[in-house]
Every structure is written in C-alpha cells, then in structure tokens.
Amino acid sequence: MCPDLYTHVRVHGIFVLFNQFNYQHPDPGQLEYPFLWLLLLPLQPFTSPTSTNSFATTTTVQIPVVIKSDLLFQSLLPAYFGLNTPSSGLQLYLSPSFLRQTFRMKATNPEIGSSHSQGVVNMATSGNKKLERYAVVTGANKGIGLETVRQLAKSGVMVVLTARDEKRGMEAVASLQKLGLFNVCFHQLDVQSPESIASLAEFMENQFGRLDILVNNAGASGVVTDQDALRALNIDSSSWLSGKATDLVQSVIKTTNEKAEECLSTNYYGCKRVTDALLPLLQLSPSGANIVNVSSLRGELMRIPNEHIREQLGDLDTLTEEKIDGILVKFLHDLKQDALEANGWQKMLPAYSISKAALNAYTRLVAKRYPNLRINCVHPGYVKTDINWHTGTMTLEEGAEGSVMLALLPEGGPTGCYFDRTKVAEF
C-alpha cells in the first residue's frame, strides 16, 4: 500500500529516530499509522584529532512523519547507513493531506508547538522537478503499464502504480526506486472489484485531494493459449501483422465463455468503473485532467465484419452506453451459441477485439460528456508483451510513448480521439 507521502524532502546529513509521539487525534478512525518523530541534523564535516569522520551540528529540524514500517526498513534505515558523506541525503515524502492535518493539530494541540517546525529544509524531487501532478496507472506491475509509470515519474509526476497482485506491485515500485524514482507508490487495485476501486478512490481523495492523470492500462486477452504449441508454430511477425496467422493459431488459442467474460469485465467494464469512481477527483485538476484508455488496433471499426455493429459503434450522435452494453451482451450470447463467425464477429481474439472497440466508443462518449477534460484512447503499437505472447516487434519504451504523450497533454490538447501511438487515427 502507499504510505502517506508526497513532498520530497532531501536533508544533507544524518538522522536519529528518537521518540514515538502519542496524541489525541481529532478523528482516530482516520489515523492509520502512529507518528514517528525524526530528529534531522544537517551537519558539516570538521577535522577532529580523534576521528576523521566527525561532524558539527549547525541546526536542528524536527518533522513529524506518518510512515509505514516497510518504508522505514526499505528506505530510511538504508539511507541512514549510507550517509557517510555530506552529499548523501535522506529522502522522504510528506502528503498535502498530512501537512494540512499537522497544521490543524498545531493550532489545537498545545503539546505541538512552533519548535517542532523550526528550521528550513531543501525541498527537491527526483530529478529536481517539482511534483505538481498526480497520476494513477492501472495494471502497472509489468509491461507497458510499468514503463508508462517509469516515464511519467521521470517527467516529475507523482504516480500511484496499481496492480491486482500486491506482491508484484510492491516489487514493481521497488524496481523503480532502485532507478532513483521515489515519486512512485503502490495501491492494490482489482478493476473487476467495486470494493477495490472504491478503496483506491478514497485513498486518492484523502492523500492528494485530486487526480490529474488516469491511464487505464489494465487488460486481459480473453483466450486460453497453449503457449508451447504456439511457439512450435514459429509464426513470424509479418504473419501476425498481416492477419495470415489467424487461421494458423485457431487450434492453440481458444476463446472460452469464462475468459471472454473476464476480458470484457477488465478491458471495458473495469475501465468504466475506475473512470466513474475517479471522475470527481479528475474534475478537480486545476488545468483539466487527462484520461488515457489503452486500446488496440484490433478495436478499430474497419476490422469488425458485422456492418450493423460498425455503424452502431461509429455513430457518435446516436451512441449510448446502453447500446454498447447491448452489443457486448449479444457477443456473449453468440459465443455461447458457437455463432461468432456466423454473426460477423472477429475471428482473431474476438473478446479482446470487441472489448477494445467498446472502449473506443466509450472514450468518445465520455469526452463528449466532459469537454473540460482531455479523454483519448491509444493503440500502443505491436509491442513485445505477455498479452501477445511476446510476438511483438516494438520495445516497451516505444509502446509507452503514446500513453505518456496523452497523459501529459497541456490545456487545449485534443480530446475524444483515437491515436495510433502518437498520431491521430480513424476509429
């Protein structure tokens, strides 16, 4: 889980944990962790006849920090043992909600006086960029999602990396912190679970008070694959891209009812649920928020054989969420009747394809409904990832370029568009 962290504080010197401070919180139900007080001693080296590593204290700064034990042992103590030169530093994050809470306590609790906030610390961020925007990226423990987080964090955005598996999500955050990207934290999210989504929305509201960027990246393929048999076919990338592989893989890639329902629930309904839950926070973004829905060329209308479905999804004037839902219900019905091909559904990854076509249509609807936001969908390219069994030809860095570009769009940028990587394309 994400600790209550935001403002990146770098203190050149050494620190000492010296006390656990207990007090009467105005709302005990909102206090997740106890306060730990850090005595921060900015130091200057000087020559001593008894030691070559002595320091003289110049000022003392006391900062209350809400912190989790895993952060303490993973970040603070290693930082402590690494502080052997004046250029080393302790790096923390303090959230705006925590700072507001601290100021309220100072005004109401006489035990917390001005002495606890005296002194000045050097405020910095990873890469010396001011953290001004908050982002959520779903399905981000690996692949394009993780690379999107990396690029956003590198640009100075405070990113909440989400994933269904907590262990993998925490490991992903740790891998980015090893690169010096400390403006990333983890929150568990299962886009198929309303309770999990509500937990994320509550966390974002309590910790940051708004959201500036949402990248809906979580996805499922909708098929069961015999990967050994698929590898044995030795299909080259040109056959995948041209569609020639479609007939070759039918015996090793199967669309089941269970996998198809999981795919629609993740790729379309999961995206809708997350977006709906976070829209109130996105509307608080001071410069207008960016929503990026990661799609696929398989969702392009021209690839749907059924003309009536193409027309329904392509007519924005008459398009409604109810129509999209009806199309997906019809798809699942035809799948159970073993009538997908006969009724004009795509043969290659049929559930995945219609889920992305539905996502593209939903993107246009929401962009029309919220003209103050910038809401777009993007095909990342044929990227080598798990979802295409690593048959892709592009790198993760290339695959994340479109999502990151749209996530960082300035005011006045395009909305309601479909992008093939970084270029506007036809739905």
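Predicted model: local features only at pLDDT ≥ 70, side-chain atom pairs only at ≥ 80, totals over all residues.

A: Angles under 35 degrees count as roughly parallel, over 145 as roughly antiparallel, 65 to 115 as roughly perpendicular, and the rest as oblique. Now take helix α5, residues 194-207, and helix α9, residues 257-282. They pack at an angle of about 20°. α5 and α9 are therefore roughly parallel to each other. Their axes (lines fitted to C-alpha atoms over the stretch in contact, with angles from 0 to 180 degrees between N-to-C directions) lie 10 Å apart.

Numbering starts from 1 along each chain as its sequence is written, and side-chain values use heavy atoms, without hydrogens or water.

Which residues meet? From α5 come Ile-197, Leu-200, Ala-201, Met-204 and Glu-205. From α9 come Arg-273, Val-274, Ala-277, Leu-278 and Leu-281. By class, this contact (heavy atoms within 4.5 Å) between α5 and α9 has 8 nonpolar, no polar and 2 charged residues. Here Ala, Val, Leu, Ile and Met are among the nonpolar types, while Glu and Arg are among the charged ones.

Stay with α9 a moment. Lys-272 is found in this helix. Is Lys-272 buried or exposed? Lys-272 has a relative accessible area of 10%, so it is buried (under 20%; exposed is over 50%, partly exposed in between, with a 1.4 Å probe and protein chains only). Its side chain joins that of Glu-321 in a polar contact of 2.8 Å (N or O atoms within 3.5 Å, one able to donate a hydrogen and the other to accept it; residues adjacent in sequence count only if both atoms are side-chain atoms). Leaving out residues up to four places away in sequence, Lys-272 touches Glu-321, Asp-325 and Tyr-362.

Now step back to the whole protein. The secondary structure comes to 13 helices and 17 strands (DSSP runs numbered from the N terminus: helices are H or I, at least four residues; strands are E, at least two). Of the 427 residues in the protein, 52% are buried. Take the contacts with a separation of 6 or more: residues 24 or more positions apart account for 74% of them.
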